[in-house]
Amino acid sequence: MANTPYDDVFRTLLNDCSRLVLPLLNEAFGEHYKGTEEITFLQNEHFLNQKDGKEDKRITDTFFEVSAEEKKKYHWECESGTDRSILARFFEYDAQIALDSGKIEEGVLVLDFPNSAVLELRAGKSIGDKMRTRINTPGGTVEYDTRVVKMKSYSWEELFEKDLLFLLPFYIFNHERELEECESDEEKLNNLEREYQKIKIKLEELKDKGFINEYTKCTLMDMSSKVAEHIAAKYSKVREGVKKIMVGKVLDYEAKRIKNQGIEEGIRTVIIQMNHKGLSIPEIADITNKDKSEIKDIIDNWNKD
């Protein structure tokens with residue numbers, strides 16, 4: 001299946017704000033992660049053998065491992081449309097993931113299936129909180145669940161109450177059926193904009209209290225704008241209304257610039273510290289992979305100050 005802009009946002013959040021996925025695991029699987037656990041992203045490309053002998057590549061939205069008292073593997077997909085084959089695809093992916101790390105123990109093939117879940121952006125109340133797969137084997141029946149997280153289950157207030165900030169960029173899906181009315185009704189458009197203004201204020205408060213950093217705040221705002229840009233492609237007033245609140249003067253993915261500035265500032269600090277400890281410029285260059293002339297400029301500027 002082709003990627004959607006929402007898949008791209010989903011992956012961006014996982015890569016750039018990975019810690020936000022831990023409360024989502026708590027919500028979906030009843031885990032008790034505190035937010036400090038180590039997250040390791042694993043290979044999400046898997047090759048399936050076809051009848052003609054060829055290999056068919058499958059790419060999962062994400063596959064990662066969380067290390068706490070025990071290590072657990074998770075497979076997540078993001079769905080923006082109805083897909084009747086989703087359970088078959090999940091089993092196909094999960095089985096291949098298990099085979100990739102399978103092992104033979106005393107003549108027994110041992111396969112560890114990951115914990116699987118899907119984020120349903122449009123699913124309504126008719127979809128349950130889990131989907132079950134039943135496998136009838138000669139040795140008996142095996143069943144396991146794929147958890148379902150539905151955007152429509154949460155108000156924006158609940159997303160903050162449950163620390164589900166990961167889902168904030170997709171919140172506009174809850175208003176999808178009202179977008180046409182918002183486009184033509186100024187009062188409804190103002191109500192939507194007020195909600196996003198409140199979301200922005202709450203993010204600012206979390207940043208000021210130290211619960212998230214500037215980078216995470218900007219990423220969530222930027223991704224919210226990106227989702228709105230696509231879902232409201234036909235509604236310019238809605239699209240621009242959300243954008244002016246969630247982006248404002250943030251251009252060219254401001255969050256990445258902030259992060260990169262922080263990295264560079266950290267490198268400069270390390271260079272100064274190494275210089276104070278007596279390391280030579282060539283030695284510092286070997287450690288930091290920085291150009292010698294750049295290191296000299298950093299040290300000279302520091303001494304001038």
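The following legends accompany an overview and several close-up views of a predicted model.

**Figure 1. Overview of the protein chain in the predicted model.** The secondary structure comprises eleven helices and ten strands. Of the 305 residues in the protein chain, 42% are buried. Among contacts with a separation of 6 or more, 58% are made by residues 24 or more positions apart. The protein chain exposes about 17,600 Å², and carbon and sulfur atoms supply 47% of this area.

**Figure 2. The open sheet of six strands.** The strands follow the order E1-E4-E5-E8-E10-E9, and their pairing is mixed. Strand E1 (38-41) and strand E9 (130-137) stand at the edges; each has a single partner strand, so one side of each is left without a neighbour in the sheet. On average, and with direction ignored, neighbouring strands of this sheet are turned by 30 degrees against each other.

**Figure 3. Close-up of the pairing between E1 and E4.** E1 and strand E4 (residues 62-67) run antiparallel and are joined by four bridges. Within this pairing, Thr40 stands opposite Glu65 in E4.

**Figure 4. Close-up of strand E8 and its two parallel pairings.** Five of the six residues of E8 are buried, so this strand is largely enclosed by the rest of the structure. E8 is joined to E5 by six bridges and to E10 by five bridges. Val118 of E8 takes part in both pairings: Val118 is the bridge partner of Glu77, and Val118 also stands opposite Val148 in E10.

**Figure 5. Helices H1 and H3 on the sheet.** Helix H1 (residues 5-16) lies across E1, E4, strand E5 (71-79) and strand E8 (115-120), and runs at about 150 degrees to E5. Helix H3 (residues 86-100) also packs on the sheet, where H3 touches E4, E5, E8, E9 and strand E10 (140-150). The direction of H3 makes about 150 degrees with that of E5.

Figure 6. With neighbours within four places in sequence left aside, the contacts of Ala98 are Leu111, Asp112 and Phe113. Ala98 and Leu111 are 13 residues apart in sequence, and their C-alpha atoms lie 5.1 Å apart in space.

**Figure 7. Nonpolar cores, with a close-up of Leu167.** The largest nonpolar core has 59 residues, and those with the most contacts inside it are Trp76, Leu119, Leu167 and Phe170. Leaving aside neighbours within four places in sequence, Leu167 contacts Leu24, Leu119, Val149, Met151, Tyr154 and Leu159. Another core, of eight residues, lies apart from the largest one; Ile271, Ile284, Ala285 and Ile299 are among its members.

**Figure 8. Close-up of helix H8 and its buried face.** In helix H8 (residues 236-246), the residues Val238, Gly241, Val242, Ile245 and Met246 are buried. Seen down the axis of H8, these buried residues fall within an arc of 110 degrees, so they line one face of the helix. The cover over the buried residues of H8 includes helix H5 (179-184), helix H6 (186-208) and helix H7 (214-231).

Notes: Residues numbered from 1 in each chain as written. Predicted model: local features only at pLDDT ≥ 70, side-chain atom pairs only at ≥ 80, totals over all residues. Heavy atoms only, no water. Pairing = 2+ DSSP bridges. Axes fitted to C-alpha atoms, helices over the stretch in contact; angles between N-to-C directions. Contact = heavy atoms within 4.5 Å. Core = buried A, V, L, I, M, F, W, Y, C linked by side-chain atoms within 4.5 Å. Buried < 20%, exposed > 50% of the residue type's maximum accessible area, 1.4 Å probe, protein only. Areas by Shrake-Rupley, 256 points an atom, 1.4 Å probe, with all protein chains shown as cover. Arc of directions from axis to C-beta.
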